[in-house]
Amino acid sequence: MKVSIVTTAYNSEKTIKRTIESVLNQTYPDIEYWIIDGSSSDGTIDIIRSFEPRFNGRLHWISEKDEGIYDAMNKGVSRSTGDVVGILNSDDFFTSNDVISRMTEHFTDDLDAVYGDVHFVKSNNLKKSVRYYSGKQFRPWMIRFGFIPPHPSLYIRRSIYEKYGLYDTSYCISADVDLIARLSYVQKISMKYIPMDFVTMLVGGESTKNLRNRWIGTKEDLKACRKLGIKSNIVFVHFKYLLKSHGYLFSK
């Protein structure tokens, strides 16, 4: 099974070296790596170029202006050739060197997608987990309450993207919610939870870095539900923050 990993980047020189190294260090042999850069003006491209010889032809990249992070993800998914595809953000990294190897062991022929857990750290202490986000409790009906499995742990078959489409670029923050809702709730693809910590993430992502982005994300979550015919409302979508505060979905 060939696995494609897609990283989107823009002025990521402070973190992307760690991201790339975590891909390079994976023990699984059949990995194709795509980096989609949004025309960075810092040292990001120099760092990417420095890694090319070490990947022996498995690293591919482009640098051009895009229409946002989901447009960049779509470029990466469209260009990749793996049997399954996953997204690794440019400020995150794989938690261990055997993540892809262990993931593929669970990815049987009857599955369309798998997902697991991630954990969050602060940039000044990458060893200390400040929040653990588990996909264990996820069920498709929970989307109406704003819940999805951790997007960086999600690996989807290429054939599913080809059949049901890519990320909807009309969303600023919640195209991952729309995609997962479309696939799991509407199309009812076969998905499996793997009890494994896939990715170490830095706190302060786009959806949660400030109150304004949280509000935009909440409205976009509701937009996705309404578009797909999932009964929800603004109160339901906000319910995810109550459960988060009690650690319901964010504990091992």
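In this predicted model, a salt bridge (a side-chain nitrogen of Lys or Arg within 4 Å of a carboxyl oxygen of Asp or Glu) joins the side chains of Lys227 and Asp178, at 2.7 Å from N to O. Lys227 lies in helix α7 and Asp178 in helix α6, so this pair ties together parts that are 49 residues apart in sequence. Salt bridges with shared partners link Asp168, Asp178, Arg182 and Lys227 into one network. The whole structure has 8 salt bridges.

**Other bridges in the network**
- Lys227 also meets Asp168 in a salt bridge, with 3.1 Å from N to O.
- Asp168 sits in the loop between α5 (158–164) and α6 (175–186), while Lys227 is in α7 (211–227), so the pair connects parts 59 residues apart in sequence.
- Arg182 and Asp178 form a salt bridge at 2.9 Å, N to O.
- These two residues are 4 apart in helix α6, which means about one helical turn separates Arg182 from Asp178.
- Helices (H or I, at least four residues) are DSSP runs, numbered from the N terminus.

**Burial**
- Buried means under 20% relative accessible area, exposed over 50%, and partly exposed in between (1.4 Å probe, protein chains only).
- Arg182 and Asp178 are both buried, and the relative accessibility of Asp178 is 0%.
- Lys227 is partly exposed at 43%, and Asp168 is partly exposed at 23%.

**How the values were made**
- Residues are numbered from 1 along each chain as its sequence is written, and side-chain values use heavy atoms, without hydrogens and water.
- The model is predicted: local features need pLDDT of at least 70, side-chain atom pairs count only at pLDDT 80 or more, and totals for chains, interfaces and linings use all residues.
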